Amino acid sequence: MSSLPTLHFNTDPLEPAQAFAAWRDLMAPIVRIEQIKGAPVPRGNLSCTVLGDILASRMVFSAQHMVRDRRHAAATPDHFTFMLYVSGGLSGDVAGSPVVQQRNRIMAANMGRELDARGVSSSAIGLTIPRRLLANCAVERIPIFLDRERNRLLVARLHALYRRLPTATADDEPAIAGELTGFVRRLFDPSAASDVLQGPELDAGFVALVERLMDLHLASPDLSPDRLADGAGVSRTVLYRAFQNVGGVMHRVWEKRLEAIRIALQDPLETRALARLASEHGFKDPAHLSRAFRARFGVTPREWRQTRRPHGTRTFERTPAQAHAWYERLGQR
């Protein structure tokens, strides 16, 4: 089975001036990238995946000044991007209104609005949807920052998407795209939003919330059922019941730690050493990680990285033309 159509851009091997030029050219249809006075020249890495009429993206970038002027805004009136900063953030203004984008908070970016913001070193994931797919959602009324419940639901959905993408195939694309579009439309359709916020998706969102808490604290040595129950605002009994069919709460924590490392090791944008990955995911040392990883996946972390990296190298893109074409086509289908 073929994998989902995905492009990878990595400026790490380039000299600073070349990296800046490559990153600036890649982002040109969306924003103008400028250097912040006193900061190193900007650079960044990007992976983007086409899901029908939706574009999913993940970015890692250094401190930089981002400007979407009238020309940019006029050229991209059809796109709406939901951006989640996993780390870092930005501050500035959107269409003249001040904004501060922080980690774990969804920013609903109407691409028809001007932007002038400065970002720190960040990692972000996003979902770009043509406006026509949100025709019944009164998109002009969608706030830049979502209310707490919508933010929680969409954060959980985005993280679930990016956990799924590395193993999804082209055959999965229609179902993934349809599910995402339907969810976003229900979330912002005034006639259906109450059903989403009060119905089964919010109930199911409890498990997603707990798993998100796990994701946020995978490196913490005191990540425990008590801490997760407190964070979710439920009793330990409710927490245990929710995870009893998957082997228990802590079994799920260690599964997520290993899965997060497995995905990182096959990611062409990932540069962390095994020792750092081990410490950042709650393992005592690389040997502890290696034993657990082999028991779960049948190979060592080093072997997994070596077998998966050649694919990432083959799909590395040196020009932005294809990514630009994907972005421009979103509004034309």
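Predicted model: local features only at pLDDT ≥ 70, side-chain atom pairs only at ≥ 80, totals over all residues.
How far apart in helix α9 are E255 and R252? They are 3 residues apart in that helix, which spans residues 249–265, so about one helical turn separates them.

## Salt bridges

The structure holds 13 salt bridges. One of them joins the side chains of E255 and R252, at 3.2 Å from N to O. E255 is partly exposed, with a relative accessible area of 24%. The bridge between E255 and R252 belongs to a network: salt bridges with shared partners join E211, R252, E255 and K256.

A second salt bridge brings together the side chains of R32 and D69, with N and O 3.1 Å apart. R32 belongs to strand β2 (residues 32–34), while D69 is in the loop between β5 (64–68) and α2 (70–75), so the bridge ties together parts that are 37 residues apart in sequence. R32 counts as partly exposed, at 33% relative accessibility. D69 is partly exposed too, with a relative accessible area of 22%.

R236 is partly exposed, with a relative accessible area of 38%. For D226, also partly exposed, the value is 39%.

| Salt bridge | N to O distance |
|---|---|
| R32 and D69 | 3.1 Å |
| E255 and R252 | 3.2 Å |

## Aromatic rings

How many aromatic pairs does the structure hold? There are 5 aromatic pairs. Are F61 and Y85 buried or exposed? Both are buried.

Another pair is W254 with F283. The ring centres of W254 and F283 are 5.1 Å apart and their planes stand at 65°; an angle over 60 degrees counts as edge-to-face, so this pair is edge-to-face. This pair, too, links distant parts of the chain. W254 is in helix α9, and F283 is in the loop between α10 (274–279) and α11 (286–297), 29 residues from W254. W254 is partly exposed, with a relative accessible area of 32%. F283 counts as buried, at 5% relative accessibility.

Ring pairs also link F80, F82 and F188 into a cluster.

The charged end of R24 lies over the ring of F20, at 4.9 Å from the ring centre. The charged end of R105 lies over the ring of F145, at 3.8 Å from the ring centre.

## A hairpin

Strands β7 (residues 90–94) and β8 (residues 97–101) pair in the antiparallel sense, over 5 bridges. Within this pairing, G92 stands opposite V99 in β8. The two strands, β7 and β8, form a hairpin with 2 residues between them. A95 is in the turn and has a positive phi of about 50°.

N151 lies in helix α3 (residues 148–164). At 12% relative accessibility, N151 counts as buried, because the cut-off for buried is under 20%. Which residues does N151 contact, leaving aside its neighbours within four places in sequence? They are N104, R105, I106 and L146. R105 has already come up: its charged end sits over the ring of F145.

T300 is placed in the loop between α11 and α12 (301–314). At 14% relative accessibility, T300 counts as buried. Leaving aside its neighbours within four places in sequence, T300 is in contact with S290, F293 and R294. The C-alpha atoms of T300 and A287 are 9.9 Å apart, and these two residues are 13 residues apart along the chain.

Notes:
Residues numbered from 1 in each chain as written. Heavy atoms only, no water. Salt bridge = Lys/Arg side-chain N within 4 Å of Asp/Glu carboxyl O. Helix = DSSP H or I, 4+ residues; strand = E, 2+ residues; numbered from the N terminus. Buried < 20%, exposed > 50% of the residue type's maximum accessible area, 1.4 Å probe, protein only. Contact = heavy atoms within 4.5 Å. Pairing = 2+ DSSP bridges. Phe/Tyr/Trp six-rings, centres within 6.5 Å; stacked < 30°, edge-to-face > 60°. Lys NZ or Arg CZ within 6 Å of the ring centre and 35° of its normal.
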